[in-house]
Structures are given as structure tokens and as C-alpha cells.
Amino acid sequence: MVKRILSLAFLALMTLHCLCQDFNRKGILRAQATISPGYYLSNGLSDITVHGDLEYFITDRISLRGDGYYLVNYLGDAGAMDERMTLYSGFSYYLTEGKALSPFVGIAPGVGIATGDELYFQQNQIQYVSNEPGVFPLISTVVGCYYFAGKWFHIFGQARFSAGTYTTEFSAHKAGQLQLSFGLGFNLSTRKKSD
Amino acid sequence: MRTLLLTLAAALSMQLAVAQDQPERGYKGHLSLGLRTTSSLFMHDQQPGIGAGGQFRIGVAKRINTEWFADYIQSNISDLGSRKDAHIGWSVMFYPFKLDGKVVPYAMAGHCFDYTRIHSFAGDVNPGKRWSSATQAGIGTHIPLHDAFDVTVQGQYMVHLGHDIHYHIEGSGNQQALQIGESSGASLEGHLLLTLSMNLYLSELW
């Protein structure tokens with residue numbers, strides 16, 4: 001019991017320490033690559049994507065970022081898209097000023113490129129078609145948090161909600177997802193030492 | 001009524017009076033580049049669409065800016081077909097109020113070209129296609145989050161002039177099908193566009 005209380009107290013102190021640590025994000029260039037599980041909001045399917053991003057802080061509280069996701073595989077049943085790549089570009093707003101612990105919200109329009117094989121029924125026959133790559137627009141919001149643990153590394157966790165529809169010549173499939181990403185990221189400062 | 005009009009006139013005068021002290025250059029010579037997300041609403045058949053695109057802006061005077069944009073919008077027609085619109089055009093933006101506030105409202109008007117393609121998922125219906133010319137007008141506001149970055153929200157009504165392209169849904173339940181028709185006569189078709197964009201200021205050109 002005493003050990004548990006001491007452990008909790010230690011954890012609380014460490015959290016408080018993290019919250020109070022100063023870190024000026026202006027001029028920071030950060031990047032990461034990770035495996036991201038995704039959940040399709042329309043049909044409950046799940047997939048795994050490789051997620052990479054690049055972000056630059058134009059001020060301590062505002063950053064510009066680009067994200068890319070590439071489909072690796074589905075978990076369980078397969079979806080309509082055999083191959084899919086989505087790219088987003090937008091900005092994020094950070095809720096704390098000058099702190100290492102950096103919760104944020106962001107918004108980013110994007111574009112998806114996907115291919116998929118499908119069956120369709122025409123003239124009393126089932127036809128099989130391999131679709132050409134389809135391009136579809138997307139809109140997304142992202143919420144997350146970074147902890148800048150030092151000059152070169154940070155820990156991150158984020159969730160992206162996206163909305164859009166993948167359309168082929170024969171069908172439409174809602175492509176909106178909830179995608180989770182977490183892991184270790186890398187950062188470096190582009191500020192001059194005099195700044 | 002007279003009191004209301006006098007109050008509105010006084011408020012507008014105060015805004016314009018404050019504008020005398022605005023930054024000298026305003027938007028003159030500003031070059032910015034941005035991305036946008038667009039929602040197309042209230043078309044005659046009530047099918048909303050989502051789109052993405054980009055724009056750049058060049059300021060021609062202190063209170064006049066120009067925006068040159070392109071976007072691609074996709075709409076799902078009741079899971080029976082799809083409509084795709086691509087716009088490329090330009091707008092002129094007029095800033096009647098303060099230029100250095102937390103929001104910078106503007107009125108806008110412009111012109112664009114549009115390519116529309118409607119196809120049915122049934123596969124045995126010819127797609128409808130057309131090029132059209134359009135005019136648009138609306139209002140919006142910049143929300144400057146930084147000297148070099150702003151978020152812009154705008155709503156505009158766009159009216160297209162081109163040959164008629166229409167579609168309707170026939171049948172019911174699982175037997176529904178999308179029928180597409182075109183006619184050579186000119187027609188007007190309007191829709192409301194809501195756009196959220198993010199813009200990065202790059203340079204002053206002059």
C-alpha cells in the first residue's frame with residue numbers, strides 16, 4: 001500500500017515536472033514515422049498504415065505540417081481499397097505556450113489516391129473489374145500531444161479524424177477514418193543561437 | 001427605424017475613420033500561398049460535396065486583394081452515382097474595415113471555369129459532362145494567427161452558365177437507378193460554396 005502511494009506520488013511529481021518544463025517550439029522542425037492503426041467510421045473495418053509527417057513551427061503555438069499515410073493491410077475483413085495513400089497538409093494550434101508538454105489541435109485538407117478490384121452486376125451478369133487509381137478529396141482534424149524530452153527527441157500521440165468518399169466507376173465507399181499514431185519523433189531547431 | 005439607421009451609419013463611420021490609421025501598405029504587393037477545403041451545399045438536388053484545392057493571392061492595392069484558386073469537389077449521389085466538379089478561377093476581395101484586427105472581413109466577387117462530370121454506378125448509363133463558365137460573389141474573413149499566416153473562412157454563391165446537365169433517380173428501394181441527361185440549350189445552375197483555407201505569406205512583390 002505504501003509502495004503504491006509512493007509510486008503514485010512519484011508519477012504525479014514527474015508529470016508536474018513535465019508540465020512545468022520550458023521549451024520554445026518556434027523554429028523547431030520535427031518529423032516521425034510510425035505504424036498507425038485505423039478504424040473506418042462507416043463500416044467498422046480496421047487497417048494498418050505507415051504514417052509519416054513533417055512539421056515546422058512558425059511560432060511557438062502555430063505549426064504547418066504535412067502527413068502521409070500508406071495502407072499496409074487490413075485487420076480482419078478487407079475493404080474496398082486494395083492500395084491507398086492519403087496526403088494531408090494543414091496547420092496545428094498548440095494549447096500551451098513555451099512548454100515541453102504540447103497538446104494541440106489541427107485541421108488539414110487532403111487528397112487520397114486508391115485502387116481496388118470490385119464486382120458489379122450488369123445486364124444479368126456479374127462483372128469483375130480492376131479499377132484505375134481514383135483520386136478523392138479529404139478533410140481531417142487532428143488532436144494530440146507531444147512531449148519534447150530534449151534537443152533531438154520527443155514523444156507523441158495523436159488521433160486523426162478524416163472524412164471523404166472513394167468513388168469508382170461503379171460504387172462509392174466512405175473513406176472516413178479514425179487513425180491513431182504514437183511513438184518517438186525527432187526534432188531539431190532551425191533558430192539561430194542569437195534568437 | 002431612423003435610430004437604427006443612424007446607429008449603423010455611425011458604426012460604419014467609426015470603422016472607416018479608424019481605417020484612416022491602418023498600416024500604410026495594407027495588402028498592396030502581398031503574395032501568399034495556401035490550401036483550401038471546400039464544401040458545396042444547396043445545389044438544386046441537395047447533394048453536398050467535399051473538395052480540396054489551393055490558391056495564391058496577390059494584393060493589388062491597400063484594400064484590394066486578388067485570389068487565384070483551383071479546387072476539386074466530389075459529391076455522392078445517393079450511392080447511385082457520383083458528381084465531380086473542378087473549378088479554376090479568380091476573385092477580387094475588397095476590405096472595407098480595419099486591416100489589423102483579429103478578424104479582417106471582406107466582400108468578394110469573381111469568375112471561374114468549371115468542368116463537371118456526372119456518372120452512374122449502373123455502368124450502362126452514359127456519363128454527363130460539360131464545361132461551364134461561372135461568376136461568384138460572397139463574403140469572408142481572414143483570421144490572422146501570425147504576421148505570416150492566416151486562416152480564411154468564406155462563403156460564396158457560384159452561378160454556372162453552360163449547357164444543361166441534369167440527373168434524376170428512378171425507381172424505388174433496391175431498384176433505384178440514376179438517369180443522366182444533357183441538352184444543348186444554355187442553363188444557369190447555382191450552388192453555395194463554403195471554404196476554409198490556410199494561407200502563408202511569402203513576399204511583397206512591390
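Reader: In what order do the elements of chain B come, read along the sequence?

Author: Read along the sequence, chain B of this predicted model follows the pattern α-β-β-β-β-β-β-β-β, and the count is one helix and eight strands.

Reader: And how many helices and strands are there in chain A?

Author: Chain A has one helix and eleven strands, and from the N terminus on its elements run α-β-β-β-β-β-β-β-β-β-β-β.

Reader: What share of the residues is buried in each chain?

Author: In chain A, buried residues make up 45% of the 195 residues, and in chain B they make up 45% of the 206 residues.

Reader: What about contacts that join residues at least 24 apart in chain B?

Author: If you take the contacts in chain B between residues at least 6 apart in sequence, 65% of them join residues at least 24 apart. For chain A, the figure worked out in that way is 60%.

Reader: OK, let's zoom in on one residue. Where does Arg130(B) lie, and is it buried or exposed?

Author: Arg130(B) lies in strand 6 of chain B, which covers residues 128–146. This arginine counts as buried because its relative accessibility is 2%, and the cut-off for buried is under 20%.

Reader: Which residues does Arg130(B) touch?

Author: Not counting residues up to four places away in sequence, Arg130(B) touches a list of residues that includes Asp114(B), Glu189(B), Arg83(B), His160(B) and His163(B). Tyr115(B), Thr116(B) and Ser187(B) are also among the residues that Arg130(B) touches.

Reader: Where is the place of Pro127(B)?

Author: The place of Pro127(B) is in the loop between strand 5 (104–120) and strand 6 of chain B. With 28% relative accessibility, this proline counts as partly exposed.

Reader: Which residues is Pro127(B) in contact with, leaving aside its neighbours in sequence?

Author: Leaving aside neighbours within four places in sequence, Pro127(B) is in contact with Arg117(B), Ile118(B), His119(B), Ile180(B) and Glu182(B). Pro127(B) and Gln179(B) are 52 residues apart in sequence, while in space they are 9.3 Å apart, C-alpha to C-alpha.

Reader: Switching to aromatics, how many aromatic pairs does the structure hold?

Author: Over all chains, the structure holds 17 aromatic pairs. One of them is formed by Tyr94(A) and Phe104(A), whose rings are tilted, at 5.2 Å centre to centre and with 35° between the planes.

Reader: Which parts of the chain does that pair link?

Author: The pair links distant parts of the chain, with Tyr94(A) in strand 4 (residues 83–94) and Phe104(A) in strand 5 (residues 101–115) of chain A, ten residues apart.

Reader: Which residues form one aromatic cluster with them?

Author: The cluster is formed by Phe23(A), Phe57(A), Tyr94(A), Phe104(A), Tyr146(A) and Phe148(A).

Reader: What lies over the face of Tyr88(A)?

Author: That would be Arg160(A), which lies over the face of Tyr88(A) at 4.6 Å from the ring centre.

Reader: How many disulfides turn up in a search of the whole structure?

Author: The search finds zero disulfides over all chains. As for individual cysteines, Cys145(A) counts as partly exposed at 28% relative accessibility, whereas Cys112(B) counts as buried at 0%.

Reader: Last topic, pockets: how much space lies in the largest pocket, and which residues lie nearest its centre?

Author: About 490 Å³ of space lies in the largest pocket. The lining of this pocket has 23 residues, of which Tyr27(B), His30(B), Pro144(B), His146(B) and Asp147(B) lie nearest the centre.

Reader: Which strands supply at least two residues each of that lining?

Author: In chain B, strand 1 (30–41), strand 6, strand 7 (149–170) and strand 8 (177–204) each supply at least two residues of the lining.

Definitions and conventions
Residues numbered from 1 in each chain as written. Chains lettered and ligands numbered in written order. Predicted model: local features only at pLDDT ≥ 70, side-chain atom pairs only at ≥ 80, totals over all residues. Heavy atoms only, no water. Helix = DSSP H or I, 4+ residues; strand = E, 2+ residues; numbered from the N terminus. Buried < 20%, exposed > 50% of the residue type's maximum accessible area, 1.4 Å probe, protein only. Contact = heavy atoms within 4.5 Å. Phe/Tyr/Trp six-rings, centres within 6.5 Å; stacked < 30°, edge-to-face > 60°. Lys NZ or Arg CZ within 6 Å of the ring centre and 35° of its normal. Disulfide = S-S within 2.5 Å. 1 Å grid on protein atoms, 1.4 Å probe; cavity = no way out; pocket = protein on both sides within 12 Å on 5 of 7 lines; lining within 4 Å. Points joined across faces, edges and corners; volume = space filled by probe spheres on them.
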